[in-house]
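Please keep the sequence and the model in view while reading.

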Amino acid sequence: MAGQTDSTMTLFSSEEIEFMAEDEMAEIVPNLRMDSLNFICGDYGPFLPQLAAQVPLWLALALKKRGKCTIRLPQWMSVENLTRVLEAERDSHAFQPLPFHYVEISRLLFDHAREDIPDMYMVRSLIEDIRDVRFHKVETNLEKFTASTVTWKNMSAMEVNVIRAFAGRALQAFYKHDNEQETPDTDRTPNKQPQIPTDRPKRNLKPR
Amino acid sequence: MATEESAGVMDDYEMLISTTDVELLKRAWRNEKAAPEILQYESSLVQRIKEQIELAEQNEEIFEANNIDPLTVSLYQMDLDRTQFLLRSYLRVRLQKVVSSGACCAVLFFGGYVEFDLLVGFGMQIEKYLFYVLKTDEYLNRLSKQEQMFARRCTDDLGSHLDETVLAKLPDNYRSILKQSITSEEDDMGCTLESLFHEIAEALNSPHKFLIRTSLVPAPRLDTFVICKAKQYLTGLDFEPEYSMEITEMERDLLTFVCYKFVKKPLENGKIDLV
Amino acid sequence: MANYYDIDGILMEEEFVPVVFQKPINGVNIDESTEKGYVEQGSKTELPFWLAHELHMRQAVTISVPTCFNQKTRLEIQADAACVDLRSRCLYFYEFGCKLAPLCDKSIGLLLSYAFQIRYKEVLHKAHATAFAAASKFLMLLTKEETNLYEAAQSSMAAFKKWRMGGPRLQRASILGRKRKPAE
């Protein structure tokens with residue numbers, strides 16, 4: 001339907017997605033002694049020098065910016081793992097499992113914790129390559145869909161957000177065209193038995 | 001290694017920490033932002049969050065008085081800021097949904113694009129649901145007391161604005177902000193127009209031709225597509241029987257683009273989250 | 001059902017459709033050149049959709065297929081849907097088609113589905129891959145909804161790129177630092 005959604009209102013901005021990513025957990029090694037922090041969002045610490053601790057990413061970055069800790073690179077961000085993931089992404093139509101917020105987490109770490117990332121340039125270019133391959137896949141998948149319910153396995157938060165507006169509108173149009181060309185839906189009453197096969201095509205696509 | 005298995009462990013961990021109110025608020029905020037209609041107001045959650053925010057603010061004063069080190073204070077401040085951002089954003093998204101489209105109402109009465117430009121110029125959001133919310137008990141009950149009051153005041157303001165600028169100058173039959181004319185029988189969602197034949201023929205040359213359009217009260221668009229994720233495996237029983245042809249199951253944690261109305265029921269039952 | 005306040009919905013209903021009157025109607029004149037003051041049964045004219053629709057509901061007219069859905073357009077769409085200039089034929093091609101299909105020709109629905117499936121891929125591709133200057137010629141062919149799609153895809157991608165390049169983060173509004181008033 002034409003121009004129906006004032007889409008800006010319901011969309012998540014990239015910054016809001018980043019905000020959510022900042023709640024993901026990270027491992028830090030503090031260089032100071034600090035009592036437990038009893039936050040509204042949970043309790044963290046106590047912190048002792050050289051003793052690794054799990055904290056939300058925003059807290060890790062805040063301490064990092066003040067020089068109070070180093071951030072341990074998450075396992076999935078190692079060069080070996082990223083190399084493997086990149087290869088697998090190239091070889092397969094499926095999305096490889098990565099953290100839901102991998103785009104945001106990696107960007108935050110590149111921006112604020114670069115000295116904690118061994119092989120920083122390598123890691124960054126691997127992640128960029130992975131992201132490009134995956135975005136390309138997203139696009140290819142978008143070209144294919146013609147059904148009104150689409151599922152994607154292992155797609156990340158940012159990838160989904162980038163296509164949200166387009167895919168939402170396109171799917172709505174498909175759904176509308178599919179339904180309007182049917183003759184009036186007299187047979188679709190709520191007490192109709194579910195699961196009876198009909199000639200109507202099944203819309204659920206297999207996960208890609 | 002980011003294997004399937006470790007992803008599963010992460011999810012369980014997420015479930016565990018999801019018990020904090022902040023996590024619940026974040027979920028409510030995400031759902032509210034992504035849903036095309038207004039959802040049930042999370043009154044007790046908001047109450048608890050407000051209390052925790054107040055407590056944190058008191059603590060801040062205590063810190064200041066006790067000379068706690070500035071680093072610790074600033075970290076507490078960040079935590080407070082994040083929670084307040086969520087709460088504010090949650091409440092604001094809801095208000096945006098509550099407020100109605102004064103702009104659009106005015107556009108249509110005389111089909112004047114000038115008026116439309118003018119209102120857009122004022123930066124008015126074109127927001128649609130206010131009259132709808134007030135007319136439907138089910139929707140009204142989803143609002144908090146303050147939101148209900150807000151909705152009433154907005155409707156009154158908008159109503160009197162439309163009255164003064166347009167409606168009072170129209171013939172008696174066309175003065176309602178809910179009906180387009182006395183001859184339309186159902187005032188909200190009705191789209192059958194059993195008006196007299198001649199009235200329509202007359203409209204051919206009438207400047208008020210927009211008045212014979214269908215309904216003046218826009219409903220939220222439940223056929224909007226949303227992205228969701230099931231917290232558990234969902235079977236056909238979790239969905240409205242009405243949509244049993246469209247949707248039969250949903251795998252846990254699989255991102256799904258789907259028509260909002262198909263997943264309205266599991267969303268209300270807390271079985272899925274909008275992303 | 002179209003949203004009453006949807007400006008595109010209104011403009012779309014202004015599109016003209018050919019009709020044939022099935023009943024004589026007094027007190028109305030569709031032909032400026034005569035002084036008859038009534039419409040004879042069987043007269044043909046073009047009316048805006050909103051009026052034709054109301055009259056159709058009362059069996060006063062039958063609606064025929066307007067030119068934007070005629071055989072020529074169909075053939076062109078079947079030949080190369082992505083290159084057809086739908087914009088000049090009807091800015092609201094899909095929406096108008098959906099409304100018309102049940103009233104005059106159900107096969108319009110299939111045509112819409114087919115055209116959209118082919119064309120939206122092109123929209124997607126151009127939105128993500130092409131510089132604006134190169135796309136502008138292509139944009140001249142698009143209907144309103146296709147343009148909306150194009151813009152949706154492009155602005156999401158632009159927003160993402162902007163975020164990736166860095167720049168101002170969520171900033172603290174100056175008011176937020178202040179103490180809240182105790183009053184409720």
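In chain B, buried residues make up 33% of the 275 residues. A residue counts as buried if 20 or more other C-beta atoms lie within 10 Å of its own, as exposed if 12 or fewer do, and as partly exposed in between, with C-beta atoms placed from the backbone. The structure is a predicted model, in which local features need a pLDDT of at least 70 and side-chain atom pairs count only at pLDDT 80 or more, while totals for chains, interfaces and linings use all residues. Residues are numbered from 1 along each chain as its sequence is written, and chains are lettered from A and ligands numbered from 1 in the order in which they are written.

**Chain B**

The secondary structure of chain B comprises eleven helices and three strands. Helices (H or I, at least four residues) and strands (E, at least two) are DSSP runs, numbered from the N terminus. Along the sequence the order is α-α-α-α-α-α-α-α-α-α-β-β-α-β. Of the contacts in chain B between residues at least 6 apart in sequence, 67% join residues at least 24 apart; two residues are in contact if their C-beta atoms, placed from the backbone, lie within 7 Å.

Chain B is assigned domain 1 (38-97), domain 2 (99-202) and domain 3 (221-275), the bounds coming from an automatic or database domain assignment. The centres of domain 1 and domain 3 of chain B, taken over C-alpha atoms, are separated by 32 Å. An unreviewed UniProt entry annotates residues 220-275 of chain B as "domain: DNA replication complex GINS protein SLD5 C-terminal". UniProt positions are given in the numbering used here, feature names are shortened, and annotations may be inferred rather than shown by experiment. This span is 16% helix and 25% strand, and its end C-alpha atoms lie 19 Å apart.

**Confidence**

The predictor's confidence in each residue is expressed as pLDDT, from 0 to 100. Chain B averages a pLDDT of 72, with 64% of its residues scoring at least 70. For chain A the average is 83, and 80% of the residues score at least 70.

| Stretch | Contacts in the model |
|---|---|
| Residues 100-128 of chain B | 52 contacts |
| Residues 183-215 of chain B | 54 contacts |
| Residues 1-9 of chain A | 22 contacts |
| Residues 182-208 of chain A | 28 contacts |

**Chain C**

Chain C contains eight helices and five strands, in the order α-β-β-β-β-α-β-α-α-α-α-α-α. Buried residues account for 38% of its 184 residues. The chain is divided into domain 1 (7-64) and domain 2 (68-162). Nine residues of domain 1 of chain C and eight residues of domain 2 of chain C take part in the contact between them. On the domain 1 side, helix H1 (7-13) and helix H2 (49-57) of chain C each supply at least two residues.

Helix H2 of chain C has as its buried residues Phe49(C), Trp50(C), Leu51(C), Ala52(C), Glu54(C) and Leu55(C).

**Nonpolar cores**

A nonpolar core is a set of buried Ala, Val, Leu, Ile, Met, Phe, Trp, Tyr and Cys residues joined through C-beta atoms within 7 Å. The largest core has 118 residues, of which Ala60(A), Phe166(A) and Val258(B) touch the most other members. Helix H7 (residues 157-180) of chain A gives this core its largest share, twelve residues. Phe166(A) touches residues of chain C, including Leu124(C) and Leu149(C). A second, separate core of 13 residues includes Phe21(C), Phe49(C), Trp50(C) and Ala60(C).

**Backbone details**

Most residues other than glycine have a negative phi, and most peptide bonds are trans. Gln59(C), however, has a positive phi near 55 degrees. Gln59(C) is in the loop between H2 and strand E5 (61-63) of chain C, and is exposed, with 9 other C-beta atoms within 10 Å. Asp253(B) likewise has a positive phi, of about 65 degrees. Asp253(B) is in the loop between strand E1 (225-230) and strand E2 (255-259) of chain B, and counts as partly exposed, with 16 C-beta neighbours inside 10 Å. The peptide bond from Gly45(A) to Pro46(A) is cis, with omega near 0 degrees. Pro46(A) is in the loop between strand E3 (42-44) and strand E4 (53-56) of chain A.

Technical notes. Lists of a residue's contacts leave out its neighbours within four places in sequence.
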